[in-house]
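Subject: The structure I promised you

Hi,

Here is the structure you were going to take over. Have a look at it first, and then read on for what turned up when I went through it.

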Amino acid sequence: MRKENRVSCRNPVFLFYTMTAFHFLDQILYVEDVPIRDIVAQVGTPVYIYSAQQILENFHQFDQAFQSIPHLTCYAVKANSNLSLLALLAQAGAGVDIGSGGELYRALKAGIAPEKITYSGVGKTEQELVEALQAGVQRINIESSQEFELICKIARELNTPVYLSPRINPDIDAQTHPYIVTGLKENKFGMSVEQARTLCRHARECSGVHITGVSMHIGSQMTLLAPLIEATEVLASFIQELRQDGFQIETIDLGGGLGIRYHQETAPTPEEYGSALLPILQPLRCRVIVEPGRAIVGNAGILVMKVLYTKQNASKYFTIVDAAMTDCIRPALYHAYHEVLPVHQTHDASVPMVTADIVGQVCESADFFGKNRQLPQPQPGDLLALFTAGAYGFSMASHYNSRPNAAEVLVHKGDFRIVRQRETYADLIRGEDIHLL
Ligand SMILES: Cc1ncc(COP(=O)(O)O)c(C=O)c1O
Ligand SMILES: N[C@@H](CCCC[NH3+])C(=O)O
């Protein structure tokens with residue numbers, strides 16, 4: 001990763017990005033050793049670009065944070081499910097957390113060993129559960145008594161042992177965006193300790209079904225450790241109780257949720273996260289599962305887009321780009337802040353700074369990437385990069401307005417590969433038939 005000779009830029013946020021694989025050299029944005037413009041020249045825009053080195057560095061930070069105890073880092077596939085990213089992480093020794101049959105399919109295709117897969121989710125269907133058990137998945141986080149009954153039935157029919165971890169909803173506020181809080185009692189996820197206690201007792205009567213763990217996932221983009229510490233304590237004391245009742249609890253699954261820096265927030269590092277939790281975890285002598293998604297891929301990806309037009313309505317300036325909320329819905333859905341910077345910096349003082357909304361092509365006023373952003377007056381054809389877009393970017397893409405999905409590119413050192421082709425119009429109508437009744 002080149003980090004020498006960086007130019008000073010007009011915007012101080014540039015300095016922040018020099019801490020990742022994305023950096024400016026002679027006013028040009030690079031990922032690892034590749035200029036973004038070289039990728040765009042070959043692949044076009046909009047394009048998601050990921051750094052393999054950054055992903056691996058983030059993954060190893062989690063591994064190191066828990067190295068003093070048995071653990072498995074199960075990357076949450078929902079954050080970014082591209083097959084090449086999954087294969088990269090598989091090669092590095094990661095397991096995965098999946099939330100659907102589709103994610104199971106991807107994980108297996110990417111070479112993740114079934115015994116390294118954890119299956120979470122509030123609404124797993126019978127077919128999905130059967131597929132997971134037949135594939136050899138050995139950790140299912142269970143979220144309701146009805147799901148439990150269904151799993152008991154499937155275990156009998158398949159004559160397969162099943163290993164379950166009730167997902168505890170500890171009623172603790174993760175203090176993040178309300179749409180991504182998942183551990184309050186009014187949320188749909190998991191069950192109370194009381195309900196889990198009843199479920200575990202019931203499990204004794206179901207042959208082939210074993211309660212071997214306890215799990216949680218209380219929210220996403222958490223910037224405070226206190227809720228995670230408190231929730232881990234709840235799980236730890238439940239584990240002690242279950243063991244006293246004779247259950248052989250081997251696993252504690254802490255879920256994901258560690259936040260990252262998008263703007264001015266400060267998020268704990270994986271090391272700080274590990275250090276805060278290890279005193280609770282060590283005495284349990286459990287295998288620890290962590291399920292980070294965003295913290296592994298978030299800062300390892302950008303979305304590059306091209307300026308189509310600029311215009312002014314009344315006193316407002318707009319920069320209209322060739323990407324849209326269909327490529328990255330986070331600003332529209334959560335009012336999430338993502339830094340947007342020109343791919344080529346200018347030191348030319350004659351280029352005026354403007355304050356503009358950076359907006360997409362879709363017919364929704366929520367279709368924006370940034371509001372009132374200060375940047376050197378963009379010109380049609382200029383490239384802009386939306387930073388920290390590796391998590392919940394492409395994986396939440398849609399086809400609204402019949403927009404083909406963007407291409408995805410993976411970079412490693414001086415080399416890059418298209419890891420997902422840009423969609424065509426034909427892709428958009430695949431599976432549709434015209435019937436005139
Ligand atoms: C069960 C489960 N595990 C892990 C994650 C990953 O979360 P994050 O990307 O916030 O680390 C999620 C999503 O929030 C989840 O629902
Ligand atoms: N999609 C969310 C995170 C939800 C995590 C899934 N439980 C985001 O973009 O921040």
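The protein chain splits into domain 1 (12-44 + 300-429) and domain 2 (52-293), with bounds that come from an automatic or database domain assignment. Before you go further: this is a predicted model, in which local features need pLDDT of at least 70 and side-chain atom pairs count only at pLDDT 80 or more, while totals for chains, interfaces and linings use all residues. Residues are numbered from 1 along each chain as its sequence is written, and chains are lettered from A and ligands numbered from 1 in the order in which they are written.

Back to the domains. The C-alpha centres of domain 1 and domain 2 are 33 Å apart. Where they touch, 20 residues of domain 1 are in contact with 17 residues of domain 2 (contact means that the C-beta atoms of two residues, placed from the backbone, lie within 7 Å). On the domain 1 side, strand E20 (407-412) and strand E21 (415-420) each supply at least two of the residues that touch domain 2. The largest share of that side, 4 residues, comes from E20. Strands (E, at least two residues) and helices (H or I, at least four) are DSSP runs, numbered from the N terminus. By class, the side of domain 1 that touches domain 2 has 11 nonpolar, 6 polar and 3 charged residues. In that count, Ala, Val, Leu, Ile, Met, Phe, Trp, Tyr, Cys and Pro are nonpolar, Asp, Glu, Lys and Arg are charged, and the others, Gly among them, are polar.

Now the ligands. Which residues sit around ligand 2? They are Lys78, Ile180, Ser220, Gln221, Arg330, Tyr392 and Met396, where a residue is near a molecule or strand if its C-beta atom, placed from the backbone, lies within 6 Å of it. That shell divides into 3 nonpolar, 2 polar and 2 charged residues. Both domain 1 and domain 2 give residues to the shell, so ligand 2 lies between them.

Ligand 1 has 17 residues around it, and Ala76, Ser220, Gly256, Gly293 and Arg294 come nearest. Its shell has 6 nonpolar, 7 polar and 4 charged residues.

Next, some helix pairs. The axes of helix H3 (residues 52-65) and helix H4 (residues 83-91) come within 10 Å and cross at roughly 45° (axes are lines fitted to C-alpha atoms, for helices over the stretch in contact, and angles run from 0 to 180 degrees between N-to-C directions). That makes H3 oblique to H4; angles under 35 degrees count as roughly parallel, over 145 as roughly antiparallel, 65 to 115 as roughly perpendicular and the rest as oblique. Ala52, Ile55 and Phe59 in H3 meet Leu85, Leu88 and Leu89 in H4, giving a contact of 6 nonpolar, no polar and no charged residues.

Helix H6 (residues 126-135) and helix H7 (residues 145-158) pack at an angle of about 50°, with axes 10 Å apart, and are therefore oblique to each other. Their crossing is right-handed. Here Glu126, Leu129, Val130 and Leu133 in H6 meet Leu150, Ile151, Ile154 and Leu158 in H7. This contact has 7 nonpolar, no polar and 1 charged residues.

H6 also packs with helix H5 (residues 101-109), at an angle of about 25° and with axes 9 Å apart. H5 and H6 are therefore roughly parallel to each other, and their crossing is left-handed.

Finally, two backbone details. Thr45 and Pro46 are joined by a cis peptide bond, with omega about -5°; Pro46 is in the loop between helix H2 (36-43) and strand E4 (47-51). Gln175, which is not a glycine, has a positive phi near 55°, and its place is in the loop between strand E9 (162-166) and helix H8 (193-203).

Cheers

Definitions and conventions. Left-handed = near helix turned anticlockwise from the far one by under 90°.
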